[in-house]
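Thank you for making time for this one.

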Amino acid sequence: MNNVFRSFGHYGRRLARADDRGAGIMMRYALSLLGLLLLAPGASLILSGCASNLATGERHLNLISESQEIEMGKEADGQVIASLGLYPDSALQRYVQELGTKLARNSERPNLPWTFHVVDDPVVNAFALPGGFISVTRGLMVYMMNEAELSSVIAHEIGHVTAQHSVYRMSEQQLTQIGLAGGMMIKPELQRYSELVNAGLGVLYLKYSRDDESQADHLGLRYMIRAGYDAREMIEVFDMLGRVSQGSGTGRAPEWLATHPNPENRSGRIQKEIDTLAINLGTLAVNQNGYLRLIDGVVFGQNPREGFFRDNHFYHPELEFELAFPSDWQTVNQKDAVVAASPNQDAIIQISMAKASSAGDAARSFFQQEGLTAEREETSTINGLHTVSAQFRAQSEQQVLRGRASFVELEGNTYQLLGYTGEQLWPKYQDVITGAMRDFRRLTDPSILRMQPMRLAIITVSQRVSLEQLARQERSPVLLETLAIINQTEANAQFNAGDRVKIVNGEEIVSRMGY
Ligand SMILES: [Zn+2]
């Protein structure tokens, strides 16, 4: 049953608190690790101890060895890539890996298996997993003006790893949770289900504290200066994030802010720290032109080719399918699945690709799983597509899950449509789950099939021109205010001949997302 419901808690939590993705994934591994420790009585005592952190000099309780830390980070990193995907630009990936490695080499933990990538996510975010696995989003790449700014974000995330913030947090939580753990920790997949049910509580959430953030800023400043970057650019990043978070009529705040609050305070503190430095920052690198060349053409905002929602109707132009989810459910589109959760977070519908090449094979391997009892399979046609479905029960230690699975063939692919809830709630949700699953159909609207993403373009202006004129000339699909923020300038800015300016090309076809 491992794979069937493994994402239940993950998605539920993502839906509930999309801002804490990295930490949420990490926490799950912390909990499975706790399970391991509980299975080996005494293990935690052998590992435990207060040790001084190399980066901060502080003494902390640490129940997690470095190899465990790396193992956890590596697994969680695999989850991040599976759910968000890597941005498909090998030059950009190489660049971020090289830049990150250069910064990490200047840290107190140079020998970790440092891994840096750009994930295919339009929101402005960056996060670190234990062991040195760091992701920045393509959204963040677009909002950065130069290499020094990007370095400041990456160096900050390196600071969380070298200061071992998540490791200490997990160690503290292990102590407080050992009394509560019981048998459920041993079966993480079930534990995740109960997390979803209890999503409102959020008690298991791993979050950095304000002090952790200041410390990561402080360490990040150290690493970027050692690597030769102008540290004043860190302040520019805080200013930009502050402006995005004020909304400017464009919608969502960047996720980085949710886990990294109060950019104003932090920028003041960093400014003070910079003022006390006895070095000439003016001689350090910023590298604007090289950076802008690199991000020229990066996808901007949501990429409709990867599937998108209009209200609760989901379209996937690349895979050529669509369906309508229940109107008041929360939805999320990830690389490996599209998921909707009921308003109470107690029922889920999930669409993913099945590995088998036929609906019959896919159904057989699904319904034969241990712990799952299927009712009679029905072979039918849903909107002209060959489909095999059945209702099922799945016994867990916590409760009985009840649901329906359908396997649908379309264009050589087999889709797994899964809807489920707790046994007692099945009568309440059966019709709405079955109805949504029966809405799966081939996407035929040519205007949707043709959709392309917006892209960032770097232009060099040939004469004095205002941002507003440029926006008009270039038929900007995004607001003037958004252009001002991504250029880290004001809406009434003027440019001179030779200046490089970020603009956005394409049509805003999805919805006004605010990126
Ligand atoms: Zn941070």
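Predicted model: local features only at pLDDT ≥ 70, side-chain atom pairs only at ≥ 80, totals over all residues.

Let me start with Glu66, which is partly exposed because 15 other C-beta atoms lie within 10 Å of its own; in the scheme used here, a residue is buried if 20 or more other C-beta atoms lie within 10 Å of its own, exposed if 12 or fewer, and partly exposed in between, with the C-beta atoms placed from the backbone. Residues are numbered from 1 along each chain as its sequence is written.

Glu66 belongs to helix α4, residues 66-84, and its C-alpha atom is separated by 9.0 Å from that of Leu112, a residue 46 positions apart from it along the chain. Helices here are DSSP runs of H or I with at least four residues, strands are runs of E with at least two, and both are numbered from the N terminus.

Is Arg169, in turn, buried or exposed? Arg169 is buried, since 21 other C-beta atoms lie within 10 Å, and its place is in helix α8, residues 165-181. Arg169 and Asn62 are 107 residues apart in sequence, yet their C-alpha atoms are 9.0 Å apart in space.

Turning to the protein as a whole, there are 19 helices and 22 strands, and 43% of the 515 residues count as buried. If we take contacts between residues at least 6 apart in sequence, 70% of them join residues at least 24 apart, where a contact means that two C-beta atoms, placed from the backbone, lie within 7 Å.

Next, the helix packing. The axes of α5 (residues 90-105) and α7 (residues 147-162) come within 10 Å and cross at roughly 55°, the axes being lines fitted to C-alpha atoms over the stretch in contact, with angles from 0 to 180 degrees between N-to-C directions. That angle makes α5 oblique to α7, because angles under 35 degrees count as roughly parallel, over 145 as roughly antiparallel, 65 to 115 as roughly perpendicular and the rest as oblique. Among the residues that meet there are Leu99 and Leu103 in α5, and Leu150 and Ile154 in α7.

Finally, the strands. An open sheet of four antiparallel strands has the order β7-β8-β9-β18, and its edge strands, each pairing on one side only, are β7 (308-310) and β18 (441-442); two strands pair if DSSP finds at least two bridges between them. Three bridges join β7 to β8, residues 313-316, and Phe308 stands opposite Tyr315 in β8.

β14 pairs with β15, residues 385-395, in the antiparallel sense over five bridges, and Glu378 stands opposite Ser389 in β15. Two residues lie between the strands of this hairpin, where Asn383 takes a positive phi near 45°.
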